[in-house]
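Hi there,

Here is the structure I promised to pass on to you. My notes on what turned up in it follow below.

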Amino acid sequence: MKKTILAVLFSSLMLGATANAAPLTADQEAQVRKLVRDTLVENPEILEEAIVALQAKQGEKQQAQMKQVLKDQHNALFNDPTSPRIGSKDAKLVLVNFTDFNCPYCKRFDPLLEDIVKKNPDVAVVIKYLPFKGETSMESSQLAMTLWKENPKAFLALHQKLMAKQGMLSDSNIKEALQATGNGKLKASDESRAAIRKNLELANMLQVNGTPATLVGDEMIPGAVDAQEFERIVKEQLSKVK
């Protein structure tokens, strides 16, 4: 009932004016402002209810937009040959992880992705690099994607080495990782730069503004959740496709 208080008050004031299509007088406008203010002061829960309703409406809109993107950009998200993939080729549930080698939360979350595909042969992960954090983010991302195209079996070792480095990568860190994994002569390809631009476009479409962000079925996980929560979400989404 409290949700209708403002509507009733406003309608009672507007009735006379709207009947003759006449604008509100200054005095009527003042009365409206006072009644609205007094009502909100006396019933502050109205604001809370309005905020909850707005958030729900925005959530529904975002969910609808995401479903449309998943439909329109399905191949770009799940079947792009330039995007590294770990896990079974025949996985029933394919996750899409947006990540950055210079992101501390990505470094913490990355082992959970590898662990989930080891534990569950029905799950795979597509990796989409978003180099948000400087030139070494871009360089390391390009190199990892280039290696994926040239020698997929060698990719994971380099990815793990770059992720394992705490803090921001330096140029020397990247060179050391290449040398340590036997890829000292690797050069970033132009194709990898174009693929990263596409990753950024996809992230924008899905309203991904930071890393990590992981698409699991029809749910986007923002940030680095703990292992228990991550496994719960994957299990729930996997049950929908089995």
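**An aromatic pair**

Trp 148 is buried, at a relative accessible area of 16%; buried means under 20% relative accessible area, with exposed over 50% and partly exposed in between, using a 1.4 Å probe and protein chains only. Phe 155 is buried too, at 1%.

Before going on, a word on the model. It is predicted, so local features need pLDDT of at least 70 and side-chain atom pairs count only at pLDDT 80 or more, while totals for chains, interfaces and linings use all residues. Residues are numbered from 1 along each chain as its sequence is written, and side-chain values use heavy atoms, with hydrogens and water left out.

Back to the rings: the structure holds 3 aromatic pairs (rings of Phe, Tyr and Trp, the last by its six-membered ring, with centres within 6.5 Å; planes under 30 degrees apart are stacked, over 60 edge-to-face, the rest tilted). One of them joins Trp 148 and Phe 155, whose ring centres are 5.6 Å apart with planes at 80°, so this pair is edge-to-face.

**Around β3**

Which strands pair with β3? Strand β2 (residues 93-99) runs parallel to β3, joined by 7 bridges; here Phe 98 has Lys 128 as its bridge partner. Pairing takes at least two DSSP bridges between the strands. From β2 the chain crosses through α5 to β3, a right-handed β-α-β crossover (clockwise from the first strand over the helix to the second, with the strands pointing away from the viewer).

**One cavity**

The whole structure has 1 cavity of 30 Å³ or more (a set of points on a 1 Å grid over the protein atoms alone where a 1.4 Å probe fits but cannot get out; lining residues have an atom within 4 Å of a point). The largest cavity holds about 40 Å³, a volume being the space filled by probe spheres set on the points. Its lining consists of Leu 112, Asp 115, Ile 116, Ala 227, Phe 230 and Glu 231, and α5 (104-119) and α10 (227-241) each give two or more residues to it.

Happy exploring!

Notes
On a 1 Å grid over the protein atoms alone, a cavity is a set of points where a 1.4 Å probe fits but cannot get out, and a pocket is an open set with protein on both sides within 12 Å along at least five of seven lines; lining residues have an atom within 4 Å of a point. Helices (H or I, at least four residues) and strands (E, at least two) are DSSP runs, numbered from the N terminus.
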